[in-house]
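Keep the sequence and the 3D view open while reading.

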Amino acid sequence: MPKEETGLSLDGQGKPLWVSLELTYRCPLKCSWCNNPLDFEDYGSRELTTEEWKQALREVRELGALQLGFTGGEPLLREDLEELVAYADSLGFYTNLITSGIGLTEERLLALKAAGLKHVQLSLQATKGELTDALVGARAHALKLEAARLIKAHNFPMVLNVPIFRQNIGEVDAMIEWAVALGIEYIEFANIQYYNWALMNRDELMPSLEQIKAAEAVVNAWRAKLGNTMTIYFVIPDYYEGRPKACMNGWGAIHLTLAPDGVAMPCQEARVIPGLEFISVRDQPLGWIWHESPLFRKYRGLDWLPEPCSSCSEKEKDFGGCRCQALLLTGDAGNTDPACSRSPLHGVVRDAVAVSEKPLRFRKPLVKRSAGAVSTAFMEA
Ligand code: FES
């Protein structure tokens with residue numbers, strides 16, 4: 001079927017090339033920048049069973065997907081993780097575990113290796129134990145370091161993912177030094193995206209432009225020193241870029257997320273958008289959801305774009321930016337992402353950046369991810 005009839009981006013030739021399996025929203029940590037839903041605790045009893053996940057994996061494979069990210073929450077909280085990885089491996093998927101490292105014992109790592117797991121992405125927030133533990137709201141630092149050591153010792157390809165925000169941006173130098181000592185080859189400093197918990201804490205979490213420039217200079221100095229021995233990614237927040245990110249490479253183009261309850265979405269945040277029908281793989285075949293459902297067709301392709309995007313020369317690069325960010329910051333998911341300086345509503349982003357320049361002493365404590373925290377935070381606001 002020609003592209004014009006399906007509205008699909010050409011990149012994936014109509015296939016979801018990159019699939020995130022959110023096995024659970026349960027997590028032992030309480031990160032204030034978590035992108036899970038604010039009502040994450042409501043999903044515990046609705047998680048897909050092992051057999052339902054296997055059925056979903058077969059359907060994802062039939063759609064042509066090859067790469068899977070097992071994520072959460074903390075996917076290690078699912079006791080069937082090894083079984084699901086083995087099943088995915090038997091279907092021919094390249095499997096990636098995205099983990100905080102909490103619960104990653106040597107026994108489980110070996111079981112995951114035997115199951116065919118190909119790659120691990122481990123998150124770490126700081127080199128100092130007190131800082132990590134304070135940020136994630138648990139005694140996690142030592143467990144994370146041990147997880148990193150085990151992953152390296154068992155020769156897994158690994159990316160160290162460091163979410164970056166105001167409270168830990170000064171750790172970049174020490175973090176690279178520590179990663180060099182451990183022989184880590186890929187490190188990603190990902191300035192956090194502001195959705196859900198992170199958006200609630202945005203005024204406290206967002207670093208200033210000066211801090212970002214200083215951190216990037218540190219990264220560049222290490223890149224020059226290390227050459228090809230380590231790849232260091234440093235992702236700038238889109239609030240500072242003046243152009244929106246090509247979120248998910250376009251809505252419904254190459255990315256598919258399956259939430260713990262089996263709801264299929266074009267991105268991990270899509271349920272923030274009101275007025276859309278979210279369908280679980282329990283209720284409809286995934287092929288129909290991906291190709292035909294109103295949710296996936298809503299913002300697919302370029303025909304729906306508003307001005308100024310529809311006449312913009314960059315529309316095939318950024319697809320108008322992020323739908324969820326447009327909703328959260330402007331109240332309408334169909335608007336141009338206000339991260340773009342050409343958006344008539346770019347002022348909301350400029351205002352947020354201005355707050356990040358305020359002195360720390362005027363700031364509020366971070367709201368930690370936890371059941372009931374949202375209502376408490378709004379009562380205090
Ligand atoms: Fe949903 Fe960007 S996070 S479209």
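Predicted model: local features only at pLDDT ≥ 70, side-chain atom pairs only at ≥ 80, totals over all residues.

Residues are numbered from 1 along each chain as its sequence is written.

**Annotated region**
- The unreviewed UniProt entry places "domain: Radical SAM core" at residues 13–228; UniProt positions follow the numbering used here, feature names are shortened, and annotations may be inferred rather than shown by experiment.
- Residues 13–228 are 43% helix and 16% strand, with the end C-alpha atoms 33 Å apart.
- Helices (H or I, at least four residues) and strands (E, at least two) are DSSP runs, numbered from the N terminus.

**Cis peptide bonds**
- Glycine 72 and glycine 73 are joined by a cis peptide bond with omega about 10°, and glycine 73 sits in the loop between strand E2 (67–71) and helix H3 (81–90).
- From glutamate 307 to proline 308 the peptide bond is cis, with omega near 10°; proline 308 is in the loop between helix H12 (294–298) and helix H13 (315–318).

**Positive phi angles**
- Asparagine 155, which is not a glycine, has a positive phi of about 60°, and its loop runs between helix H6 (141–153) and strand E5 (158–164).
- Phenylalanine 319 has a positive phi near 55° and lies in the loop between H13 and helix H14 (323–330).

**Buried or exposed**
- A residue is buried if 20 or more other C-beta atoms lie within 10 Å of its own, exposed if 12 or fewer, and partly exposed in between, with C-beta atoms placed from the backbone.
- Asparagine 155 counts as exposed because it has 8 C-beta neighbours inside 10 Å.
- Phenylalanine 319 has 27 other C-beta atoms within 10 Å, so it is buried.
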